[in-house]
Each structure stands twice: as C-alpha cells, then as structure tokens.
Amino acid sequence: MHQLKDADDARRTVAFWADQGVTSFKAYMNITRAELGAAIAEAHRRGLRITGHLCAVTYPEAAALGIDDLEHGFFVNTQNDPGKQPDICPATTGTPTLAAMAPGGAAATALIADLVRRHVALTSTLPVFEQQVALHAPLQPRVMEVLTPEAREAYLYARNARATRPNAEFERAWRNDLGLERQFVAAGGLLLAGPDPTGNGGVVPGFGDQREVELLVEAGFSPTEAIRIATLSGAVYLGLPDRIGTVAPGKDADLVVVKGDPASSIADIEQVEITFRDGVGYDSALLIASVRGRYGEY
C-alpha cells in the first residue's frame, strides 16, 4: 500500500480495491481531510463503509465528512490537543483532548451529540489502552503461556517499566474514556468492540476479546449490555443482523459454549469450552494448546 498523494489518489485507491472485492476500508493516522473526504465519497458511492484510526483529522471533522465509524473509542480524537494544526497528526495523538473531556461536560456532550446525529459508530478497544495504565491489566498465566519466550520477556519488561513511571494524564484519559463510551451509548450511539492486539504484546486475540467485554463492564455497562456490544452491535454496523450477532434459528452457527453464566459473573466469559464456526465445534482447550509458545513468532 503506497502513501496517498492527494484526494484523487485516495479516490482511485478505494476504487481499485473495491474492484478487487474489498468490502470495507480503514483510514489511518496521517490521512488529510481532502483525502478522507474523497475516500468516503467513493466508498459510499459503491455502497461500502469506511472507518478510521485518525489523528491528523479530528472526530468532528471526520463526522462532517461522513465517516461511518471511528476506531479506538475517544482515545485518538485530537480536536483540542495543544497546537493542533489542520491535516497534521500531533505527537500527543489525542491524550490531552481526552484527559480534559470529562463525561457529562459541555465538550463531551457536544461531540457525542454530533456523532449520534450523523450516525457515526464508535469501536471500543479498551484492552490495548489498558496496557498503558500501570498494573491495571491482570497478568494471566493463560496469556503468558501462548507467547513466545521473546515476546513474553519483552512484554514483562515493558509492563514493569510502566509500573515505575505512571502517566497521570493518560490515566485520567483512561477514566474519561470509560465514562464517554457509556455516555455515547446512553445518547443512542452504536458502540462496537474489539481488542486491537497490537502494541506491547499484552493483548492476544481471543483472550483480548474476552477482556474487552470485561472492561466494558468496568466502564459501567451490565454484563448483558457488554456482551450485546461485542456481538450484535458489530452485526448491526455491518448490516448483517439477520445473519450474525445473535443466536437464533437460521443464523450462521458461529458461537461459543461457556461454562458458567456471564450474565451474572462476567469473568465466566473466559471459561470457553467449545468454539463453533459454521456449525462445526472445536475443542477450545486443544485450540489454545496448539498455539502455546507461538504467539509473536511471526
């Protein structure tokens, strides 16, 4: 993927990949307003959706351009970062804006109202940001066991280093995001969920999805609400709620069998016994054993 040159290049890029069968697009941090606007227009012309992990473009700017979804909760909205210049991603990448945007405050309420009015969805990826809060993420043996020795050593080094240098501004931003995600849903916004298994290695696919649901409960959602956000909301965003997102006759048999009752105790969501894909059941313990010591080797 080449770096975009201008708005017309953005339009051509979307058109090229749509012709190859791509069904959705994601804009990244340094895209400009003109490029993003052109990409959105071309995607929408073809009936496709576009999301973004933004930085150079702020949330209000992206919403005005017609973006369908914003990645990473409210963490990467740079609208009030000190010295923010148009179409330039600041080194602060949104932390000052979020740290100062208290849930229920005027700035937060205005932003959320704008997003909801324009039908912009939001993807919560709390596990990856939890890693930046000193010792907040639980140190789970099951997660450590699937990492390569090198990945595990690197992760534990980064975790211990962060514990000695807490970041008060980021931790304030963390608390604000939990409240803002809850306020967004209360205002009628569509909140999606994912783990974003990147960064310092502490977020592993599968385990990270479960942790996202647990963190939504920490944010103030009920267990049932959190599970719905992590399942049905994604189906609604994709326009596929008649096929996926809930368990019902006639829908795709993609589901998990859990030992326990996550609706009462959200930690039970970790006790997966069988994973079904297209109606075929797989032993979850054997799946996990097959990748033990391998995550990070590529």
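Helices (H or I, at least four residues) and strands (E, at least two) are DSSP runs, numbered from the N terminus. This is a predicted model, in which local features need pLDDT of at least 70 and side-chain atom pairs count only at pLDDT 80 or more, while totals for chains, interfaces and linings use all residues. Residues are numbered from 1 along each chain as its sequence is written, and side-chain values use heavy atoms, with hydrogens and water left out.

**Surface patch**

Tyr282 is found in strand 8. With Val280, Leu287 and Ile288, Tyr282 forms a nonpolar patch on the surface, and together they have about 320 Å² of accessible area. Such patches consist of residues with over 30% relative accessible area and no salt bridge, nonpolar side chains (Val, Leu, Ile, Met, Phe, Trp, Tyr) being joined within 5 Å. A salt bridge is a side-chain nitrogen of Lys or Arg within 4 Å of a carboxyl oxygen of Asp or Glu. Accessible areas come from the Shrake-Rupley method with a 1.4 Å probe. At least two residues of the patch come from each of strand 8 (280–283) and helix 13 (284–290).

Buried means under 20% relative accessible area, exposed over 50%, and partly exposed in between (1.4 Å probe, protein chains only).

| Residue | Relative accessible area | Class |
|---|---|---|
| Cys55 | 0% | buried |
| Asn200 | 22% | partly exposed |
| Tyr282 | 38% | partly exposed |

Asn200 lies in the loop between strand 5 (191–193) and helix 10 (207–218). Apart from neighbours within four places in sequence, Asn200 is in contact (heavy atoms within 4.5 Å) with Gln131, Tyr155, Ala158 and Arg162.

**Nonpolar cores**

A nonpolar core is a set of buried Ala, Val, Leu, Ile, Met, Phe, Trp, Tyr and Cys residues joined through side-chain atoms within 4.5 Å. The largest has 53 residues, and Leu36, Ile67, Leu70, Phe74 and Trp174 have the most contacts inside it. Helix 9 (residues 168–186) gives the most to this core, with six residues. A second, separate core of seven residues includes Val143, Leu147, Tyr155 and Val204.

**Disulfide**

The whole structure holds one disulfide (a pair of cysteine sulfur atoms within 2.5 Å), according to a search. Cys55 and Cys89 form this disulfide, with their sulfur atoms 2.0 Å apart. The torsion about their S-S bond is about 80°, so the disulfide is right-handed. The pair links distant parts of the chain, 34 residues apart: Cys55 is in the loop between strand 2 (49–52) and helix 3 (59–65), and Cys89 is in the loop between strand 3 (69–71) and helix 4 (95–99).

Terms used: Patch = residues over 30% accessible without salt bridge, like charges linked within 9 Å, V, L, I, M, F, W, Y side chains within 5 Å.
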